[in-house]
Amino acid sequence: MFKVNPYRPGAGLMPTYLAGRDEDMQNVEQMFDALTVNVPTQSIIFSGLRGVGKTVLINKLQKIAEDKDIFCKHIEVEERNDFISQIAACSQAFLRKVSTKEKFKNLIQKPLDAIKALVVSFDPNDSTFSLSLQEKELYTATNLTQTLTEVFTTIGETAYKSETPICFFIDEIQYMKSKELGSLIAALHRTNQLGYPVMVIGAGLPKIYKMLSDEKSYSERLFLYKEIGSLTDEQSKKAIEIPASKFGITYSDEAIEKIISITKGYPFFIQQMCQIVYKNANDKKIEGYHVEESIHEFIETLDIGFFKVRYERCADSDKKFIFAMVKCGELPCTISNIAKNLQKNVNQISTTRAQLISKGIIFPIRYKELDFTVPEFSGYIQRLDEYKQWLEEHKS
Ligand SMILES: Nc1ncnc2c1ncn2[C@@H]1O[C@H](COP(=O)(O)OP(=O)(O)OP(=O)(O)O)[C@@H](O)[C@H]1O
Ligand SMILES: [Mg+2]
């Protein structure tokens, strides 16, 4: 018989029960309340490893903001360069919304001109505005920061006057180009100084903290940083039990303990493990042995999906770098130990290091140390034949 499964492993899939994020949601809700009375608030950045629940959290926050009549738009930055066209489209959508009210129609022209300049100057493939040659000259700018700041401050002014606060949700911020990120920070900073109700809620891999402060030192005051991590035992228990309880299925304490110990409280792993256990168990109560019987399938599923897609994005030199990291044993590991395992010096491996950071596979921690952005990635590497063979060739 077809059995409805209440677990939802998958990128950005909202779980049937969002565990452990109540405090974050309450805090942000208060900031939304401030925004709705035209008080500008700090922007927020959530950072964390792959699969900890950044996307679902910001999606949930977007719903909360929309319920408070804040104008919201979601942007997912991709590795290819499309941030400018997305932010322009979102700003235009805001103007469309405001322009539906006759009394605010006069607030549109200034920001529309600013958006035009942004698109014409920095998104040459766009055909939103068909301009004459003369007009084109009029709108062409060379400085991205200035142009984006003009967009933010003018839509900010419109937001203020029409009492329609704005919140942009920007996911995968780490893929933003350095110049775009710097411009975004500067634009937001200026808008805040002027007291306009525009806010950004961003999410990305752990390296974004450093990216932002490298770009502009004042970004530390502009943003509130919140690291999102694995769930505590108590929160994990709820993430495991609550979805199934809706269908009258319960877990024994032993089953819960086992799931927590295997998944280490990582939200994606919990969803994946519980989906398999739930599918395989044909009883009203899930016991420890049900979990045991599903471990193999769980690991296999992660290996051919979650881990493999990341691994396959790596070039041969990246893979060797990863092998050398795993060989270090303990993570995070130092760059000099990685170099030693590759029988190279630190300079020789710096390009590969930068490449892996930009692909979002590894991230720098503390001083000269590196770790994987994917939880439990080293276990996956250790299971690979390719790694075993490499290890054999690099015995020392
Ligand atoms: N708080 C939570 N409680 C229960 N399940 C969760 C929670 N947060 C996330 N999940 C589940 O974890 C999985 C991953 O969530 P999500 O895609 O939001 O992670 P992410 O941090 O954005 O990952 P990535 O860095 O790969 O984009 C989804 O299947 C989601 O249902
Ligand atoms: Mg995500």
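Me: Which residues in α1 meet which residues in α2?

Reply: From α1 come Asp24, Met25, Val28, Glu29 and Phe32, and they meet Leu57, Lys60, Leu61, Ile64 and Ala65 in α2. Two residues are in contact if their C-beta atoms, placed from the backbone, lie within 7 Å. By class, the residues of this α1–α2 contact are 7 nonpolar, no polar and 3 charged. Here Ala, Val, Leu, Ile, Met, Phe, Trp, Tyr, Cys and Pro count as nonpolar, Asp, Glu, Lys and Arg as charged, and the others, Gly among them, as polar. Keep in mind that this is a predicted model, where local features need pLDDT of at least 70 and side-chain atom pairs count only at pLDDT 80 or more, while totals for chains, interfaces and linings use all residues. Residues are numbered from 1 along each chain as its sequence is written, and chains are lettered from A and ligands numbered from 1 in the order in which they are written.

Me: What is the angle at which the axes of α1 and α2 cross?

Reply: Two packed helices are described by the angle between their axes and the distance between the axes. In this pair, helix α1 (residues 22–36) and helix α2 (residues 54–67) have axes that come within 10 Å and cross at roughly 40°. That makes α1 oblique to α2. Axes are lines fitted to C-alpha atoms, for helices over the stretch in contact, with angles from 0 to 180 degrees between N-to-C directions. Angles under 35 degrees count as roughly parallel, over 145 as roughly antiparallel, 65 to 115 as roughly perpendicular and the rest as oblique. The helices (H or I, at least four residues) and strands (E, at least two) are DSSP runs, numbered from the N terminus.

Me: And is the crossing of α1 and α2 left-handed or right-handed?

Reply: α1 passes α2 in a right-handed crossing. The rule: left-handed if the near helix is turned anticlockwise from the far one by less than a right angle, right-handed if clockwise.

Me: How do α3 and α4 cross?

Reply: The axes of helix α3 (residues 83–99) and helix α4 (residues 109–122) cross at roughly 160° and come within 10 Å. That makes α3 roughly antiparallel to α4. The crossing of α3 and α4 is left-handed. On the α3 side, Ile84, Ala88, Ser91, Gln92 and Leu95 meet Pro111, Leu112, Ile115, Leu118, Val119 and Phe122 in α4. This contact has 9 nonpolar residues, 2 polar and no charged.

Me: What about α11 and α12: at what angle do their axes cross?

Reply: Helix α11 (residues 253–263) and α12 have axes that come within 9 Å and cross at roughly 130°. The two are therefore oblique to each other, and the crossing is right-handed. α11 brings Ile259, Ile262 and Thr263 to the contact, α12 brings Phe269, Ile270, Met273 and Cys274. The classes are 6 nonpolar, 1 polar and no charged.

Me: What should I look at in the loop between α11 and α12?

Reply: Most residues other than glycine have a negative phi, and most peptide bonds are trans. Lys264 lies in that loop, and its phi is positive, near 55°. For the peptide bond, go to Leu331 and Pro332: the bond from Leu331 to Pro332 is cis, with omega near 0°. Pro332 lies in the loop between α14 (316–327) and β8.

Me: What is the order of strands in the open sheet of 5?

Reply: Strands of a sheet pair through backbone hydrogen bonds, either parallel or antiparallel. Here the order is β2-β3-β4-β1-β5, with parallel pairing. Two strands pair if DSSP finds at least two bridges between them. β2 (71–76) and β5 (223–227) are the edge strands, each pairing on one side only. From one strand to the next, the twist averages 15°. Strand β1 (residues 43–47) runs parallel to β5, joined by 5 bridges, with Ser43 opposite Phe223 in β5.

Me: And the order in the sheet of 3 strands?

Reply: That open sheet runs β8-β10-β9, with antiparallel pairing. Its edge strands are β8 (333–334) and β9 (362–365). β8 is joined to strand β10 (residues 369–372) by 2 bridges, and Thr334 stands opposite Glu369. β9 and β10 pair over 4 bridges, with Pro364 opposite Leu370. β9 and β10 form a hairpin with 3 residues between them, and Arg366 in the turn has a positive phi of about 40°.

Me: Which residues come nearest to ligand 1?

Reply: A residue is near a molecule or strand if its C-beta atom, placed from the backbone, lies within 6 Å of it. Pro15, Gly53, Lys54, Thr55 and Pro267 come nearest of the 23 residues around ligand 1. α2 and α12 (267–280) each supply at least two residues of the shell. The shell's residues divide into 11 nonpolar, 8 polar and 4 charged.
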